[in-house]
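Please read the following briefing on side-chain contacts alongside the sequence and the model. It takes charged pairs first, then aromatic rings, then charges over rings.

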Amino acid sequence: MPVKNYGVLIARVVETRREGARETPHYQIHLTDDHGTHYRAAVNVLSQEHPSELLYLVTDDFRHPLTAALEGLSGGWNTLPAGPGGPTLDFVRGNLFDPAGMRTLPPDVEGPDNDLADLLDHYVQRAVADPQARAYVFGSRFGPEPAVKDKVFGFLPGNGVHDVHMNQGNSRRFQGDDGVWQDGGLLLRFPAQSRWVGIFLAFQSQSWHTDDTTGHTLEDVDGTRPTTGAQPVMIIAARVNPTGPAPETETVTLLNASPEPADLTGWRIVSRLGHGSPVPATAPLAPGDCLTVPLTAEAPLGNQGGEITLLDAAGLKVHGVSYTAEQASREGWSVVF
């Protein structure tokens with residue numbers, strides 16, 4: 001059963017509180033929406049599974065077609081149906097960032113700028129200081145509880161968001177929370193600077209190869225849990241908006257970055273909604289070589305932004321990128337990733 005009450009909270013950040021390094025510490029955020037409703041966002045900074053330190057990645061200038069969809073939502077809590085059609089998060093399928101760039105930090109230790117709570121503070125306190133800034137907190141809603149005060153900030157009714165982290169590929173202990181297009185995360189919007197900041201968290205015990213329906217871990221043939229590392233074949237460019245009237249010939253360019261030939265038999269290029277275009281049958285792609293793949297009419301690239309994902313013959317993600325409407329606006333130019 002996926003996480004319950006999935007959605008995104010859009011609200012103003014009021015204050016924060018750190019819980020130290022207890023058994024299940026959180027970085028607590030107090031928020032209020034435009035109607036004066038209070039919320040608490042409980043952000044995990046330590047895992048109950050070994051290894052306990054969380055993976056994190058911060059994109060200080062987050063650019064993704066998701067942000068355009070989020071700007072159309074109203075303030076407060078927005079319930080989101082899990083699926084690729086709306087402004088939902090999926091760390092595996094949404095091409096929000098490269099998981100290979102994630103790093104670990106301890107939850108809370110003495111000294112400045114050396115733990116995960118310090119990192120969160122660096123960005124969230126900017127939102128506290130900016131009255132125009134808004135936090136977009138993705139996760140599972142709890143409350144409201146009319147007769148129960150919030151246990152951290154004391155407002156009534158108790159109300160908030162948790163599961164602000166990856167919610168798929170869990171170990172067996174937490175497999176019941178698995179799902180697709182229901183990951184948690186924290187986006188901060190600073191309108192005066194026309195800037196978004198993306199903060200993404202995951203547990204080291206989670207897998208990055210997950211089933212497209214259940215979100216459960218897909219195991220390799222030898223029973224091991226696969227991990228994300230250096231990608232042998234990468235998407236390096238796409239002609240999203242070719243010159244001329246529609247339908248134009250859109251293309252995606254692949255690079256074999258590995259030192260070995262890459263057999264691309266059965267591979268596909270797919271969009272956010274899963275529409276696919278096969279990679280043409282060719283000889284193995286030599287090390288350092290590129291291949292330009294013409295897309296079929298079944299897998300068009302939208303000019304308003306989108307995601308492009310490369311899948312291998314087993315249907316596992318090899319690489320993925322995203323582009324915005326601004327990047328696609330120049331007719332005839334390739335978007336370079």
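A salt bridge is taken here as a side-chain nitrogen of Lys or Arg within 4 Å of a carboxyl oxygen of Asp or Glu. The model is predicted, so local features need pLDDT of at least 70 and side-chain atom pairs count only at pLDDT 80 or more, whereas totals for chains, interfaces and linings use all residues. Residues are numbered from 1 along each chain as its sequence is written, and side-chain values use heavy atoms, with hydrogens and water left out.

**Salt bridges**

- The structure holds 15 salt bridges, and one network of them links Arg18, Asp108, Asp115, Asp118 and Asp121.
- Asp115 forms a salt bridge with Arg18, with the closest N and O atoms 3.3 Å apart; because Asp115 lies in the loop between E6 and H2 and Arg18 in strand E1, the pair ties together parts that are 97 residues apart in sequence (helices, H or I, of at least four residues and strands, E, of at least two are DSSP runs numbered from the N terminus).
- Asp115 is buried, at a relative accessible area of 2%, while Arg18 is partly exposed at 31% (buried means under 20% relative accessible area, exposed over 50% and partly exposed in between, with a 1.4 Å probe and protein chains only).
- Arg18 also forms a salt bridge with Asp108, the closest N and O atoms being 2.8 Å apart, and Asp108 counts as partly exposed at 24% relative accessibility.
- Glu307 and Arg272 meet through their side chains in a salt bridge of 3.2 Å, N to O, which links strand E16 (residues 305–311) to the loop between strand E13 (268–270) and strand E14 (276–278), 35 residues apart.
- Glu307 is buried, with a relative accessible area of 5%, and Arg272 likewise counts as buried, at 18%.

**Aromatic pairs**

- There are seven aromatic pairs, where rings of Phe, Tyr and Trp (its six-membered ring) pair if their centres lie within 6.5 Å, and planes under 30 degrees apart count as stacked, over 60 as edge-to-face and the rest as tilted.
- Phe91 and Trp208 form a stacked pair, 6.3 Å centre to centre with 15° between the planes, and both residues are buried.
- Tyr136 and Trp196 form a tilted pair, 4.9 Å centre to centre with 50° between the planes, and both are buried.
- Phe62, Phe91, Phe97, Phe200 and Trp208 form one aromatic cluster.

**Charges over rings**

- The charged end of Arg126 sits over the ring of Phe190, 5.0 Å from its centre (the rule asks for NZ of Lys or CZ of Arg within 6 Å of the ring centre and within 35 degrees of the ring normal).
- Arg330 lies over the face of Trp333, 4.0 Å from the ring centre.
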